[in-house]
Amino acid sequence: MAKIPVLSMRLFACAVIVWMTANIAAQPKALISLQPERMETGDTASLLVFVTGVNTAPKDPDFSSWATLLPAKNILNRAGWRRSAAQWTRRYTLIAFDSAVLELPPLQVQLATGERLATNSLKLIVYPTRGGREISDMAGIREIKREPVHWTDYWPWAAGSALFLLAFGWWWKRKQPKPTPLVQPIQTDHALSVSPVEIALQQLSQLEQKQYWKYQQVKTHYAELSLILREYIEKSQHVAAMESTTAEIAHFLAQTTYPVENRATLINLLKMADGVKYAQSQPPESEHQNAIATARKLIVPPVMMKSGHPPKTSTKSPSSAKKYEPL
């Protein structure tokens, strides 16, 4: 009879330990990670933001603590929040044009409940770009890391297939003459956004107004021009242009519907921008505005140019319509 109280006390202690562990694990946490943590000027790195312990998608992280180290224009939004089990993940693409050792302080992530979570701090090392005489010499400068395929990338298709099979089985069991109505897809922000052509033309107009070459910032001018063209190619042709070399982009374009007569000109313009960014070449001053004019002709569809009605550009920043989406 004396063993019964001892056993009860042990069961009670185990229950308390399990309850405390569950409560500790349920506390919301935020964490950030850089991939890679070392890169060269003009290259990009992926910033991953992780939030655990919440059921609702968090709000955008607050990058104001990085303003003096990494300007907001160097933080390119590439994707929205994605959930995997009990963890929310969001990816950004960072780009740096100056060599430095950046001690990045913690970010603040606001939850749907209004609570703010502080992340860990990071250290980003940006090395000067190694020089090269030929464009072909630069193929090995930048290490491209593909994001591995994960089963969570296909869960919407699996869920949709399961729902379809359940609906079909219900219909077959009850022998209804009418098929189960299809669920209309929810219209996303991407469908409501402006077209890639309009975004690219707005960005080119803003770049032309900045006139970096007048302030001895030719490298910045061609770096931004290259980003505009790569983003346009990625959004209009659905290829990973932001994370690929110029040679890879040329290979991708051969498999797309992009006009054949414009491909060589587009690749040559990207190569010229690469030459300024990596090989320290200096085009004549007259070529800076010509490069923008050439980019416009490559972006505007030939049908619109022939009809005389190209898309209207606006001085309003494209970021007000939608931030970069992206790597």
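Which residues does N74 touch, not counting residues up to four places away in sequence? I looked this up and found T93, L94, I95, A96 and F97. Contact here means heavy atoms within 4.5 Å.

Notes on the model. I am working with a predicted model, where local features need pLDDT of at least 70, side-chain atom pairs count only at pLDDT 80 or more, and totals for chains, interfaces and linings use all residues. Residues are numbered from 1 along each chain as its sequence is written, and side-chain values use heavy atoms, with hydrogens and water left out.

More on N74. I placed N74 in the loop between β3 (44–52) and β4 (75–77). Strands (E, at least two residues) and helices (H or I, at least four) are DSSP runs, numbered from the N terminus. N74 counts as buried because its relative accessibility is 6%. Buried means under 20% relative accessible area, exposed over 50%, partly exposed in between (1.4 Å probe, protein chains only).

Next, the cores. A nonpolar core is a set of buried Ala, Val, Leu, Ile, Met, Phe, Trp, Tyr and Cys residues joined through side-chain atoms within 4.5 Å. The largest has 31 residues, and L225, L229, I233 and I299 touch the most other members. Its largest share, seven residues, comes from α5. I checked L229: leaving aside neighbours within four places in sequence, L229 contacts L266, L269, L270, A295 and I299.

Last, the backbone. A cis peptide bond joins Q35 and P36, with omega about -5 degrees. I found Q216 in the loop between α4 and α5. Q216 is not a glycine, yet its phi is positive, about 55 degrees. Q216 counts as exposed because its relative accessibility is 71%.
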